[in-house]
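Entries follow in the order I looked things up.

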Amino acid sequence: MELYILIFAFFFIALVYSSVGFGGGSSYLALLAVMAVSYEILRPTALLCNIVVVTGGTIIFSREGLLDLKKNWPFLLFSVPMAFLGGYLPIKQNTFFLLLAITLIAAAILLWFQNSLQQKSENPRLGDNFLIKIGLGSCIGLLSGMVSIGGGIFLSPVLHLLRWDDAKKISALASVFILVNSISGLAGQLTRHPDLDWRFIVPLLIAVFVGGQLGSRLGSKWFNAIYIKRITALLILLAGINILKDHL
């Protein structure tokens, strides 16, 4: 029964997140943690679902000419090895859940205030600042690997605040950023723990594939991005507080 609930919930998460260029890793983790799924299963499951969802979105963004690799490569180059390191590092279960809770709460705050901060920001565009690209890519990549998210939920609000580029190009970068860091973080985890429970994971992958494909194609027409981000922020805030309460 719990697996059927997860299948439906993962489908809906993928549908919503893919509509704004995200993979849903933070919400997959939050839901799996609330459902008391094993620590060893929880982390790779979230990353695999991320990979499935954002692959479709990345392809769509690429076809639309929104991916500028000449401008984006420092984010990707410096984040990938750090995501691998984060995934490889041995983290105690209680430490992981505390870090996850803090990450979810921080992500919720960033998502909720992203649009208002963007509108109030008077910063010039910082898209060509190489040091900022290195710093953001490295720090978010390491955090992504440790917590088993793709990192787009952090990168996107920060880039909006810095007025890095227009919203569609930021979503395109967030999508490919999530993809490469999810793959790298998963590789780091599998280096230490190569066994996966495919009977549990495969139905969830199918659910997020269908949800992600629908969300990537229909999201911009049917969903209001601001409302989606704020509903998502509330959900992951509640999950983060609940996980923090259980592991303090």
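**Entry: second largest cavity**

Which helices each supply at least two residues of the lining of the second largest cavity? I found α1 (2-18) and α10 (225-247). Helices here are DSSP runs (H or I, at least four residues), numbered from the N terminus.

Before going on I noted the ground rules. This is a predicted model, where local features need pLDDT of at least 70, side-chain atom pairs count only at pLDDT 80 or more, and totals for chains, interfaces and linings use all residues. Residues are numbered from 1 along each chain as its sequence is written, and side-chain values use heavy atoms, with hydrogens and water left out.

I then listed the lining: Val16, Tyr17, Val20, Phe22, Leu111, Ile228, Lys229 and Thr232. α10 gives the largest share, three residues. By class I got six nonpolar, one polar and one charged. For the classes, Ala, Val, Leu, Ile, Met, Phe, Trp, Tyr, Cys and Pro count as nonpolar, Asp, Glu, Lys and Arg as charged, and the others, Gly among them, as polar. The volume is about 40 Å³.

On a 1 Å grid over the protein atoms alone, a cavity is a set of points where a 1.4 Å probe fits but cannot get out; a pocket is an open set with protein on both sides within 12 Å along at least five of seven lines; lining residues have an atom within 4 Å of a point. Points are joined across faces, edges and corners, and a volume is the space filled by probe spheres set on them.

**Entry: largest cavity**

I counted two cavities of 30 Å³ or more. The largest has a volume of about 70 Å³. I found 13 residues in its lining, with Gly23, Gly24, Gly25, Ile153 and Ile178 nearest its centre. α2 (25-34) and α7 (152-161) are the elements that give two or more residues to this lining. The lining of the largest cavity splits into five nonpolar, eight polar and no charged residues.

**Entry: second largest pocket**

I read off about 330 Å³ for the second largest pocket. It is lined by 16 residues, and Ile13, Ser27, Thr232, Leu235 and Ile236 are the closest to its centre. The elements giving two or more residues here are α1, α2 and α10. α10 gives the most, with seven residues. The classes for this pocket are 14 nonpolar, two polar and no charged.

I moved on to helix pairs. Axes are lines fitted to C-alpha atoms, for helices over the stretch in contact, and angles run from 0 to 180 degrees between N-to-C directions.

The axes of α4 (residues 69-88) and α6 (residues 130-147) come within 6 Å and cross at roughly 30°. That makes the two roughly parallel (under 35 degrees; over 145 is roughly antiparallel, 65 to 115 roughly perpendicular, the rest oblique). The crossing is right-handed (the near helix is turned clockwise from the far one by less than a right angle; anticlockwise is left-handed).

I checked the contact (heavy atoms within 4.5 Å). Among its residues are Trp73, Phe75 and Phe78 of α4 and Phe130, Ile134 and Leu136 of α6. By class I have 12 nonpolar, seven polar and two charged.

**Entry: α7 and α8**

α7 and α8 (residues 167-192) pack at about 155°, with axes 9 Å apart. They are therefore roughly antiparallel. I noted a right-handed crossing. Gly152, Leu155, Ser156, Leu159 and His160 in α7 meet Ala167, Ile170, Leu173, Ala174, Phe177 and Ile178 in α8. This contact has eight nonpolar, three polar and no charged residues.

**Entry: α3 and α8**

I looked at α8 again, now against α3 (residues 39-63). Their axes come within 8 Å and cross at roughly 145°. This crossing is left-handed. Contact residues include Arg43, Leu47 and Phe61 in α3, and Lys168, Leu179 and Gln189 in α8. I counted 12 nonpolar, nine polar and two charged.
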